[in-house]
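Biologist: Hi! Could you walk me through this one?
Modeller: Happy to, let's bring it up.

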Amino acid sequence: MWHHRSVVFVFAYLQHLGQLFLSKVKSTMEKDVTASQHKHWRTTQERVEKYISDNLFKDVNLRGKLYPKAKEVDRLFHWGLPLGEKTWEKWTFKNITMQDFKPIKAGMAYGPLWSTHWFKVEVNIPEDWVQQEVWLHWVSQGEAMLWSAKGEPLQGFSPGGVHLSPVKGANRTGAMEPDQSRTDYMLSSCWSGSQETQVFYIEMACCGMFGAGADGMISPPDEGSVFQLEAVEVSTRDKLVYKLLTDIDVLHDMTVSLGSNDPRAHQALYTSNHMINSIISGNYSQASQLADTFFTKRNGDLAHTVAMIGNCHIDSAWLWPYSETKRKCARSWSSTVQLLEEYPEMKFACSQAQQFSWVKLHYPELFDKICHLVKAKRFIPVGGTWVEMDGLIPSGESFMRQFLYGQLFFKREFGALCEEFWLPDTFGYSAQFPQICKSFGISRFLTQKMSWSLFNKFPHHNFLWEGLDGSTILAHFPPGDSYELRVRVKEAIRTVNNLQDKGRVSTSAFLYGHGDGGGGPTRNMLERSRRLRDVDGCPRMEHMSPSAFFERLEAEQHNLCRWVGELYLELHNGTYTSQARTKKQNRICEFSLRNTEILLAVVAVKGRMKKEELLSHQDNLHDAWEKVLLNQFHDVIPGTSIGLVYCDADRLYKEALASSEEVQRACCPFLFKDPEKKVGEMVVINTLPWPMRQVMVVKEEGKHEVKQSAGEGQYYVAVEAPGIGWSKLSTSLSPPQVTVSFSNNRYILENQYMKAQVNTFGQVESLILAGDSQDVFRREGTHVGQGNQLVLFDDVPLYWDAWDTMDYHLETGKVLNIKESGCEVNEVEVVQSGPLVVKLRWGLKITEVSSITQEIELSAVSPYLVFRCKVDWLESHKFLKVLFNTALLARTATFDSQFGFVERATHCNTSWDSAKFEVCGHKWADLSEPNLGMAVLNDCKYGWTARGSTLMLSLLRSPKAPDAKCDMGQHTFSYALMPHKGCRDKTRVQRCAYEFNNNLTLLSTSVSHDSEVWFSLVGSGAMIEAVKLAEDKSGDVVVRVYESLGATTSVRLKVPSQPQRVCLCNGLEEPLSDPSLEVGEGDEVFVDLTLSPFKIVSIRITYN
């Protein structure tokens, strides 16, 4: 009986499903649509394609009917701006219009590269164009901006793809999609019939959307490039024809994207075919109605929603210089403003406070329009950072400043903070981003770059990202794997099909608009979006703000998985090394600004400087930081821009460093001045929060118990200064001597901390801690490896030259400083022999065009062996590294990172491990056993390889695109080798790495006592990363502390004088809560801090 009832039930259920299916089929088969007479998919599909073609059969197809009337403009004039890629910034629109414009005809070419040319356009609209749409067409090979006669920026013109010139016809001048170009501007939607002469100005930049690569997009610029002005015309445009073209285009898109196995594709095909027949018969209205009916067929209730977010990712510099980016912003955003006014459903997300700042400065009228649209929540600032910075190379404090300066700008200009961290195109993401974001009120993150990984597909598009300290933010990767979608059916379908979290989320972001070189959304994209809003066969497409999208995602985040730690991009890892000078200048500026801010804060606490002067210095440091932050853009500091960008970057770094040093000099008299003492003394300043010892060079012999000649009338002396404070130089040290000897063809360098053996080729063969028998390079007395092996690799990537170093480059290594290499070697000689410093010098010829000279140095007070390098580098596609092949057994290597460190496997057990053959680290990296370890420190390098017992530091690359001269020339840099007591000795490693990058400072001044401590930490496992004045100009001091060992710790922050109030604050320097305080002897005040692993804490201190 049970079996019989089951069969009956199943049969009835199947009948029900069949009826549902038939009703669905009946509802989707349009009675007014006639299928093509023959069942031949290809002929019908290609017929539709040709009927809307830009260049085939235009004499009879629909495209040829788009512009019924057209003519060239009546008069065209030209004036060329004086040469120079930045000169446009010095000219006002009024001054330009007063210049001597000469009459010309379209068809001429202009140059040179990066120059600017202005054109005056005069046109009289014919009387018979009355009540019709009238359009201006500008077709040029260079980017351009349309200006009104009153000096208002109206819209950008973009080259690339197919230029639709009504008079001269379509012309393809670029390899991009047809809708890459923006060549038309609507003069009127319904011409009044006025016979008044219309006057416009057009500013043309001699560069394409992606610069002017000589042999491809990323090749170095062709300095001989010229850019043709192809056509300047006006026309009418048939509104109905444009609608039908867009209708058929979308139907054809559905046909092709869904494919011949999908019934909906056939319905789209037959509808467009029927439309063509109706148009040919002259029944345009029937054709329009057929399309309208088709697009009313809706999706089911559970259809995935695609959240359409317009955007225009503009690289702040890349294949063009900073100065051109300023104009790209104006061209792209003026076009976007126009579209926002025309399409009320559109939402546009825009990042990078720096770019908003540029537009405010150079295009105030446009900025006012943007402010109005921001208030209406249509033009939406996102990201919260000064620029879309690199996600790995900047320091932790640099990241804090990116968010601080960005968020404060958005709050000041638009009255609101950004809610999303928007970083779509950066080459990897620090594990500290979640905590830093939370500190600035941001709990959401968006990128798409992880889709570029070469080895492994990232397992989520939506997930909870847990950072180094345990902080969590909601992360979304748009499944379309792009921020440059064109609103095509195939893109919407891919968004759903590619989604890694099916069934967990109902909505995915869809970022549309031309990017990288600018451009943004187009009218065609928005017209397509209207037809695809909710049509069966395509996901539901809804215009949405980033905030509205993330609100939907937040409601579903209980379904999401968790990812812990860094987001490592398995590509573009050559960017840790390319453009070495830029990376070195960044490191120098980061430390210099840190030190100067400490001194200025102390001056403020002492109250000796006038407030106006103090604030002026604070402004100068702010400006210096902005220059450093700009250069941290994700195509500048990684080394992936054209050479001209690095001329700008070098200038900005020099200006920032000069400002920092100037403020330092201004602070010093207010730090030490004793009005009763006339004779100056030398003092030693330490800006690190622990006592620091160092051997320094002084110009005068002085009264020092132990000294050593440094040549040219200078002397080495050993000194010590307290943490974040100073002491007199007269209190120099008398440490145990450092010695050098020669035995068994090896140099033996020894001090109170360590003993090293160096062979005649500069390799370290033995490294032992003082009082220990364990050797970093020997195991059980057997020689295993050597340190300081200079290795040269072939370095030819698959395509992205400055970006990529491939895994196979590791198969090509050649050790240079061994006898078998055949390199010409200048063997080791002793140049300093103690008692404070010993120094060896040697060198070799790398190739016929490159060489290195190296000094190996050990001081009496240093626990590490220093290697100072001077390299003349003229290679092509070679990669220089230094290798340390140890006897250590370490399954993981540890790398310095922002506000902490990360651990990575030294083996290749999984494809995820194998992909990390070149990784990013900052000041140090370490291989350790429980009781013995080796750290390598550096002063300006970021690329590392850790495999087995081997650690390599990347020194120099030599890519040839997009900068043909990348890293050519002379380089100086240093690294150091530090033996230590293993895993439990991280504090010492971290402190030594800071010391290696931050020398003590000598200063002549007058003082009344021997030493002074300004700020310090009592306890271990924490670091004072910054001491700065608060951004609100109140005179308050902000101290940034972080836990550095990955363990909960309690420390006490000592602050000077008697503050009125001490409170914890967020990244925006807004008060949060008051910690407990203890008043010590004199003016000492201690702030009690309990820090969880890798926690970042900011303390705000108010003084009278």
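**Helices and salt bridges**

Modeller: Let's begin with α17, which has a kink of about 25° at Ala 666, shortly before the proline Pro 669. The bend at a residue is the angle between axes fitted to the seven residues ending there and the seven starting there. This is a predicted model, where local features need pLDDT of at least 70, side-chain atom pairs count only at pLDDT 80 or more, and totals for chains, interfaces and linings use all residues. Residues are numbered from 1 along each chain as its sequence is written, and side-chain values use heavy atoms, with hydrogens and water left out.

Biologist: How many residues does α17 have?
Modeller: Helix α17 (residues 643–672) has 30 residues and spans 44 Å from first C-alpha to last, close to the 44 Å expected at 1.5 Å a residue. That expected span is 1.5 Å times one less than the number of residues. Helices here are DSSP runs (H or I, at least four residues), strands likewise (E, at least two), numbered from the N terminus.

Biologist: Which residue forms a salt bridge with Glu 655?
Modeller: Lys 627, with the closest N and O atoms 3.0 Å apart. A salt bridge is a side-chain nitrogen of Lys or Arg within 4 Å of a carboxyl oxygen of Asp or Glu. Lys 627 lies in helix α16 (residues 611–631) and Glu 655 in α17, so the pair ties together parts 28 residues apart in sequence.

Biologist: And how many salt bridges does the structure hold?
Modeller: It holds 72 salt bridges.
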